[in-house]
Amino acid sequence: MASSPLIFTVRRSQPELVRPAAPTPREVKLLSDIDDQEGLRFNIPLTFVFRHESSMTKKDPIKVLRHALSQTLVYYYPLAGRITEGAGGKLMVDCNGEGVMFVEAEADVTLDQFGDSLHPPFPCFQELLNDVEGSEQIIDRPIRLIQVTRFKCGGFMIAISWNHTSGDAAGLKQFMNAWAEMARGAHQPSIQPVWNRELLMARDPPRITCNHREYEQIILPPNTIKKEDTTGTIVHRSFFFSPAHIAALRCLVPLHLRQCTTFDLITASFWRCRTKALQLEPDEEVRMMCIVNARSRFTPNQQSSLVGYYGNFFAFPAAVTTAGKLCGNPLGYAVELIRKAKAQVTEEYMHSVADLMVIKERCLFTTIGSCIISDQTRAKFTEVNFGWGEAVYGGVAKGGAGPFPGATYIVPHKNVNGEEGLILPICLSSEDMKRFAIELDEMLGSKNHPTMSSSSFIMCAL
């Protein structure tokens, strides 16, 4: 028998701008040539969910968070500015101190009533992070939109629209930690933020020294219709991978690959199942692009200057093959391709990407036949603690990246049974999603495929 839908109401205050608590430098700061590429010019939604903490009963989380945010922006003052676009599409930050957008909200529901839905796709997320008019844009708009929603149980959710040109997951974690430290009474962040975006500016003259298949521009013949463009309405779903699921996948690769990372296993499985679900022609080219944090790929001297760096410092090298080869070979074939792609990222590779952005006018990555994956396990977002303990969930709010549906993320998560694992939020058409679930189920050799519960049983009212 189907569960009765849970209906809840969200009441929001008028959006307000939270400015730095003290005067900050008025200046213009250039974003790096990695930051301002076309593929990062979007806002990514993230959520942090906290339960009631009895020792904090007398404290209002919204007041604490608002005050701490204004203090944090003194140190992260570029985030209180506005992004502008200059000659040649170059992005920069006007550090005008106008502030970030902040929304206070109340929901007449408890966290327990969400059941096993405190993960992507969040029920009624459009109410938990409401799009303030113009907030979807990145030019001359607040760099952050933050909504804090209290729940009846005393718990709360922080939902953030993060302008990706301003920083990556490691940078966001650094900012969130600083904000949390200030909320717990610190006078300054334990890690001082540094700008240093000149580290990833193009050289003079720029020169492309590496092979960047992630930026190949594919021109289709006239009237060509890609399968991915005709799949209908996009739906969102998360898939949970328990330690047993990971062990099952590891048994599918040859002995010399058994020590590969969990990231490699999940990425290879996602790529293969998604490609099969899309029912592509065997000769169609497919790409799996892996987000690689390049901080550790630089020399020790350079790494010392990266402490406190919160800009984008990653590349997404592409593993490339055909749909026929990917689906016709064992899982180890995909794992090998992914490992080789990740190994390409070096200090020189990063400089080559920055140079490519200038030479090719900040081009978009290859979208045709492509998917992208980002590992959020090392960011450890759940460890962010504003005084109410660690987060029940911390990470992206849904699959996809801006207008590109082929992006997914590996996020740590504890399910409703207390089992530690990883979730993979993805978006596909409804029919493709069904096929994806079947392919993954068959790969795991289990009747109980790891689909997280759907959020369709929960409704909300404004």
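Predicted model: local features only at pLDDT ≥ 70, side-chain atom pairs only at ≥ 80, totals over all residues.
A charge is said to sit over a ring if NZ of Lys or CZ of Arg is within 6 Å of the ring centre and within 35 degrees of the ring normal.

Close-up 1. Arg144 is placed over the face of Trp162, and here the distance from the ring centre is 3.4 Å.

**Close-up 2. A cluster that includes Trp162****.** Trp162, whose face lies under Arg144, also belongs to a cluster that ring pairs link together, with Phe50, Tyr76, Phe156, Phe175, Trp179, Trp195, Tyr310, Phe386 and Trp388 as the other members.

**Close-up 3. The tilted pair of Phe122 and Phe125****.** A search of the whole structure finds 22 aromatic pairs. The pair of Phe122 and Phe125 is tilted because the ring planes stand at 40°, with the centres 6.2 Å apart. Phe122 has a relative accessibility of 5% and therefore counts as buried, and Phe125, at 13%, counts as buried too.

**Close-up 4. The edge-to-face pair of Phe365 and Phe404****.** The rings of Phe365 and Phe404 form an edge-to-face pair, with 5.2 Å from centre to centre and 75° between the planes. This pair links distant parts of the chain, 39 residues apart: Phe365 is in the loop between helix H9 (347-359) and strand S15 (370-375), whereas Phe404 is in the loop between strand S16 (393-396) and strand S17 (407-414). Phe365 is buried, with a relative accessible area of 7%, and Phe404 likewise counts as buried, at 9% relative accessibility.

Note on methods
Residues numbered from 1 in each chain as written. Heavy atoms only, no water. Phe/Tyr/Trp six-rings, centres within 6.5 Å; stacked < 30°, edge-to-face > 60°. Buried < 20%, exposed > 50% of the residue type's maximum accessible area, 1.4 Å probe, protein only. Helix = DSSP H or I, 4+ residues; strand = E, 2+ residues; numbered from the N terminus.
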